[in-house]
Amino acid sequence: MTKVEVRNVIFSMQSFKVLGPDGFQPLFFKHFWDVVGEDVWKYVMQSFSSGYIDDKIAETLLVLIPKENNPTRLKNFRPISLCNVIFIVITKVLVDRIRPSLDDLIGPFQSSFIPGRGTTDNAILVQEVVHHMHMSRSEKGMLAFKIDLEKAYN
């Protein structure tokens with residue numbers, strides 16, 4: 001892993017997007033990269049080599065954002081995780097390194113989080129299956145299950 005790789009991750013982040021428990025945003029790291037860059041890079045390198053992340057770095061705030069006025073149920077909120085910038089840098093570097101192998105690791109029917117695969121692909125597949133079931137003249141019959149993907153994902 002290079003210092004440039006870590007720098008690129010930080011500079012690709014939106015400056016004011018993240019505010020984790022430590023109170024720092026990517027703007028701080030961008031603005032003071034000449035001062036903190038070496039230490040950030042060394043910490044990321046150490047995390048990869050040791051497989052350990054300090055508890056304070058991994059600390060995350062979970063915030064519930066209302067989807068509507070006067071929410072009354074938990075499903076009326078959208079949860080977001082506010083992570084420390086260094087934790088996000090570590091995970092983004094890891095993802096950037098794994099990304100070239102994702103097509104080999106994740107099956108063709110799993111579509112989320114894979115570039116080039118969309119959840120609409122699943123809807124098209126379902127339409128094809130239902131059409132086939134409707135047109136089939138099989139005497140055995142066919143069965144399909146519809147599951148709530150939101151609950152399955154959670």
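Buried means under 20% relative accessible area, exposed means over 50%, and partly exposed lies in between, using a 1.4 Å probe and protein chains only. With that in hand, phenylalanine 29 counts as buried because its relative accessibility is 7%. This is a predicted model, in which local features need pLDDT of at least 70 and side-chain atom pairs count only at pLDDT 80 or more, while totals for chains, interfaces and linings use all residues. Residues are numbered from 1 along each chain as its sequence is written, and side-chain values use heavy atoms, with hydrogens and water left out.

**Aromatic rings**

- The structure holds five aromatic pairs; rings of Phe, Tyr and Trp (its six-membered ring) pair if their centres lie within 6.5 Å, and planes under 30 degrees apart count as stacked, over 60 as edge-to-face and the rest as tilted.
- One of them joins phenylalanine 28 to phenylalanine 29 edge-to-face, at 5.3 Å centre to centre and with 90° between the planes.
- Phenylalanine 28 also pairs with phenylalanine 32, this time tilted, at 5.2 Å centre to centre and 45° between the planes.
- Phenylalanine 28 counts as partly exposed because its relative accessibility is 28%, and phenylalanine 32 is partly exposed with a relative accessible area of 36%.
- Ring pairs link Phe24, Phe28, Phe29 and Phe32 into a cluster.

**Helices α1 and α5**

- Helices (H or I, at least four residues) are DSSP runs, numbered from the N terminus.
- The axes of α1 (residues 3–12) and α5 (residues 85–98) come within 10 Å and cross at roughly 110°; axes are lines fitted to C-alpha atoms, for helices over the stretch in contact, and angles run from 0 to 180 degrees between N-to-C directions.
- The two helices are therefore roughly perpendicular to each other, a label for angles of 65 to 115 degrees, with under 35 roughly parallel, over 145 roughly antiparallel and the rest oblique.
- Contact (heavy atoms within 4.5 Å) brings Glu5, Val6, Val9 and Ile10 in α1 to Val89, Lys92, Val93, Asp96 and Arg97 in α5.
- By class, this contact has five nonpolar, no polar and four charged residues.

**Serine 47**

- Serine 47 sits in helix α3 (residues 33–50) and counts as buried because its relative accessibility is 6%.
- Leaving aside neighbours within four places in sequence, serine 47 is in contact with Tyr52, Ile53 and Ile90.

Key: Nonpolar A, V, L, I, M, F, W, Y, C, P; charged D, E, K, R; others polar.
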